[in-house]
2 protein chains.
Amino acid sequence: MRLPARVTIEEVGLRDGLQLIGSVVPVEVKLRLLRALYGAGIRAMEVTSFVSPKAVPQFSDAEAVARAALALPHLDVSALIPNLRGFERAREAGVRRYTVVIGATDRFNERNVRMTVTESLEQLDAVAAGVRAAPGADLAVGIAVAFGCPYTGRVPLGAVVRIVEHARALGVRAISLGDTIGVATPLQVATTIARLMEAHPDLCLVLHLHDTRGMGLANVLAGCEAGVTRFDSAVGGLGGCPFAPGATGNIATEDVNHMLQAMDIETGIDQQALLECGRLVRDVITAELASHSLRVHLGRGA
Amino acid sequence: MRLPARVTIEEVGLRDGLQLIGSVVPVEVKLRLLRALYGAGIRAMEVTSFVSPKAVPQFSDAEAVARAALALPHLDVSALIPNLRGFERAREAGVRRYTVVIGATDRFNERNVRMTVTESLEQLDAVAAGVRAAPGADLAVGIAVAFGCPYTGRVPLGAVVRIVEHARALGVRAISLGDTIGVATPLQVATTIARLMEAHPDLCLVLHLHDTRGMGLANVLAGCEAGVTRFDSAVGGLGGCPFAPGATGNIATEDVNHMLQAMDIETGIDQQALLECGRLVRDVITAELASHSLRVHLGRGA
């Protein structure tokens, strides 16, 4: 079994994890979790979304959270930006790494951001032009429903390739493949990664997985075997998808970190401290958590 | 990714799945579930345990369940036998495939069956002698805590090899490796399988996995890639381990079947009918189920 020596886990709990939670989480709670995750050794984090505060009140504190994150030494901070306005707000807050998310199918993208894929790609052009003019800025593209769509089923690789090619032409260095509704199989992950890496050897490919059907860690394994060294995950398995019936959260950072470290893959994250972050999430945000490792940890009466 | 064309799933819900449930499940309920699973296409099943009815009242109906299972055409029926007395009862009931379980560590085996590993191997000698004298009988050995023990941590491969060698010398054809407390990693599974297959090319290796830390399907994948074509699982993810704090059930048959079929691996099982078996378990046995696919199925209001 060929596995990487080191993997980077990007914590997305504060963004993807909180986006769909019923209530707005107070900024103090977010900052407490941010610092606890940093204390556990997390060094890459998507901390917020510079979406319209009217549309998503959860992220009306985007500037405050971003600034607090940027104050932590050696933390690689990223933020979601829906459009040029979001990019400008993120840049003003000091963020230098931005992610634009585009759904791989029209049906999903229309429900998610009210645009066709073509319209989203046009908007990406505008955002990329803005980013290019900003020194030190780094734009990534996240492809939602990259493997399967709740409306159209299995997503053909061509739909993903189209977005990748477009983004590459704009100078985008990192692409995150999102299994938004947790339907990707390890075989599909392996095939997709191999095809994309063959066409774009210098592309930074990230996997953003959900554990809806229990395949989350199997897909992490398939990704590792295919050469992926960067995974998104959320503490406690926070998160979900409003357009995916029965969908559960992101793969739990505790579960990913546990499996990788148990296979001697370096992540730089302290598992016990991470589990205590999970406990914090349970205590101050929500008890509805899908983390297997956290359940074991709490079940022990730890 | 090298995967097998066909995999056999052995359903163990009626045995391992019910062993630790608080209440005795009525025999009519067991037979209903047995027939539903058979109707979904399950053709290999561990249906009961011929343990002392005084020690485990859950299996005081072992004869009735075994006879009902044996009446189903082309169903490959097996039963757990703790000792020679259990073998004799199973044989009288018509069962021809028997499994003896031995823990890989003394600490676990002593708590489980009040014997050291050496004592269990001696008892295996006696059972094997009985089985050899019975025409058409097939003895398998299940190794519990084959990867990790709740008392002694990671189990060295030598402890597994010792039991395998002993069983092979007795003519045992199939060995099941049990990750009783759900701590095996895909790398450990791959390494263990490779070593055992190299030493015993004609051995039938079975993986018996639990999903305690979310690695259940990742380990199925690692097993498939290493050449394993037989897995134990329990409908609804039933089961657990009394000596493993926080341990959850067996990997859910629905989750295993879904992942395998989604990768075009043939199992012969109808996923929708299987999900309805999961619903039956929820309705008539217990609602505390760890099956991801069943949660999606029921969440859809199906």
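Helices and strands are here runs assigned by DSSP, a helix having at least four residues and a strand at least two, and they are numbered from the N terminus. The structure is a predicted model.

**An arginine in a loop**

B:R114 is located in the loop between α5 (106-113) and α6 (117-133) of chain B. Its phi is near 60°, a positive value in a residue other than glycine. B:R114 counts as exposed, because it has 9 C-beta neighbours inside 10 Å.

**The relation between the chains**

Chain B can be superposed on chain A with an RMSD of 0.0 Å by a turn of 180° and a shift of 0.0 Å along the axis. This is therefore the relation of a two-fold axis. Within chain B, the C-alpha nearest the axis belongs to B:A218, at 1.8 Å from it. The same surface serves both copies, since 100% of the contact residues of chain B recur in chain A.

How many residues does each chain give to the contact? Chain B supplies 29 residues and chain A supplies 29 residues. On the side of chain B that touches chain A, the elements giving two or more residues are α8 (186-199), α9 (216-226), α10 (253-262) and α12 (292-299) of chain B. By class, this side of chain B comprises 15 nonpolar, nine polar and five charged residues.

In chain A, helix α11 (residues 271-284) packs against helix α12 (residues 292-299) at an angle of about 90°, and their axes are 10 Å apart. The angle makes α11(A) roughly perpendicular to α12(A). From α11(A), the residues A:L275, A:G278 and A:R279 meet A:S293, A:L294, A:H297 and A:L298 of α12(A). The residues of this contact divide into three nonpolar, three polar and one charged.

In chain B, the axes of α11(B) and α12(B) come within 10 Å and cross at roughly 85°. The two helices α11(B) and α12(B) are therefore roughly perpendicular to each other. Their contact is made by B:L275, B:G278 and B:R279 of α11(B) together with B:S293, B:L294, B:H297 and B:L298 of α12(B). By class, the contact of α11(B) with α12(B) has three nonpolar, three polar and one charged residues.

B:E288 lies in the loop between α11 (271-284) and α12 of chain B. This residue is partly exposed, because 13 other C-beta atoms lie within 10 Å.

**The nonpolar core and a buried alanine**

The largest nonpolar core has 184 residues. Those with the most contacts inside this core are A:Y98, A:V141, A:I143, B:Y98, B:V141, B:I143 and B:I175. Leaving aside neighbours within four places in sequence, A:I143 is in contact with A:I102, A:A104, A:V160, A:I163, A:I175, A:S176, A:L177 and A:G178.

B:A146 is found in the loop between β5 (138-144) and β6 (148-149) of chain B. B:A146 is buried, because 29 other C-beta atoms lie within 10 Å. Residues up to four places away in sequence not being counted, B:A146 touches B:A104, B:V155, B:V160, B:L177, B:G178 and B:D179.

**Separations along the chain and in space**

A further residue, A:T191, is found in helix α8 (residues 186-199) of chain A. It counts as partly exposed because it has 15 C-beta neighbours inside 10 Å.

| Pair | Separation in sequence | C-alpha to C-alpha distance |
|---|---|---|
| A:T191 and A:A226 | 35 residues | 8.5 Å |
| B:E288 and B:G237 | 51 residues | 9.2 Å |
| B:A146 and B:S78 | 68 residues | 21 Å |

Terms used
Residues numbered from 1 in each chain as written. Chains lettered and ligands numbered in written order. Predicted model: local features only at pLDDT ≥ 70, side-chain atom pairs only at ≥ 80, totals over all residues. Least-squares fit on C-alpha atoms with pLDDT ≥ 70 in both. Contact = placed C-beta atoms within 7 Å. Nonpolar A, V, L, I, M, F, W, Y, C, P; charged D, E, K, R; others polar. Buried ≥ 20, exposed ≤ 12 C-beta atoms within 10 Å, placed from the backbone. Axes fitted to C-alpha atoms, helices over the stretch in contact; angles between N-to-C directions. Parallel < 35°, antiparallel > 145°, perpendicular 65-115°, else oblique. Core = buried A, V, L, I, M, F, W, Y, C linked by C-beta atoms within 7 Å.
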